Amino acid sequence: MFRTDASKYAIRAVTYLAGLQDQEVPVSAAEIGKLEEIPPYYLAKVMQSLAHAGIVRSTRGRDGGFTLARPAEEIHVLEIIEAIEVTSHWKDQCVLGHSECHEEVHCALHDYWQKCRESLMFHLGEVTAADMAKELEQKKALESAGE
């Protein structure tokens with residue numbers, strides 16, 4: 001669904017931090033990477049992009065790491081993705097691979113895929129980091145109960 005692994009890693013890292021939001025203790029990229037099975041050197045770059053976008057806060061030093069810069073309820077998935085990659089290509093790229101596909105010159109599937117893209121962007125703009133953390137917590141609880 002996403003163009004880059006970086007977007008997936010960013011969503012996973014922010015969701016992890018959202019689950020810890022009450023703790024306010026910085027978590028290193030290495031720790032998040034280990035727990036989320038993300039290469040830590042790659043995650044460090046992703047986290048810096050998130051910090052630059054104002055989604056996470058970076059604290060330097062021995063006990064440094066990352067925390068959410070705002071409440072998880074105010075951070076939307078679309079914002080996380082836009083901090084990592086350009087989403088305009090989602091609107092501009094032709095699903096059939098044509099070099100030119102827009103309102104004036106469009107492929108046979110343009111109108112259908114335009115509705116799908118608009119729906120995707122709308123939903124990604126509605127879901128928050130808090131929503132994802134809550135859902136993840138509930139699923140983990142169900143898995144634990146089933147064991």
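**Elements and overall form**

Helices (H or I, at least four residues) and strands (E, at least two) are DSSP runs, numbered from the N terminus. By this definition, the protein holds 7 helices and 2 strands, and from the N terminus on their order is α-α-α-β-β-α-α-α-α. The C-alpha trace spans about 55 × 40 × 25 Å along its principal axes.

This is a predicted model, in which local features need pLDDT of at least 70, side-chain atom pairs count only at pLDDT 80 or more, and totals for chains, interfaces and linings use all residues. Residues are numbered from 1 along each chain as its sequence is written, and side-chain values use heavy atoms, with hydrogens and water left out.

Of the 147 residues, 36% are buried; buried means under 20% relative accessible area, exposed over 50%, and partly exposed in between (1.4 Å probe, protein chains only). A nonpolar core is a set of buried Ala, Val, Leu, Ile, Met, Phe, Trp, Tyr and Cys residues joined through side-chain atoms within 4.5 Å. The largest one has 34 residues, and V14, L17, L43, M47, L50, V56 and I80 have the most contacts inside it. Two or more residues each come from α1 (5–19), α2, α3, β2 (65–68), α4 (77–84), α6 and α7 (129–146). The largest share, 9 residues, is that of α1.

**Two loop residues**

E37 sits in the loop between α2 (29–36) and α3 (40–52). Its phi is near 55°, a positive value in a residue other than glycine. Most residues other than glycine have a negative phi. E37 is exposed, at 70% relative accessibility.

E100 belongs to the loop between α5 (88–92) and α6 (110–126). E100 is partly exposed, with a relative accessible area of 45%.
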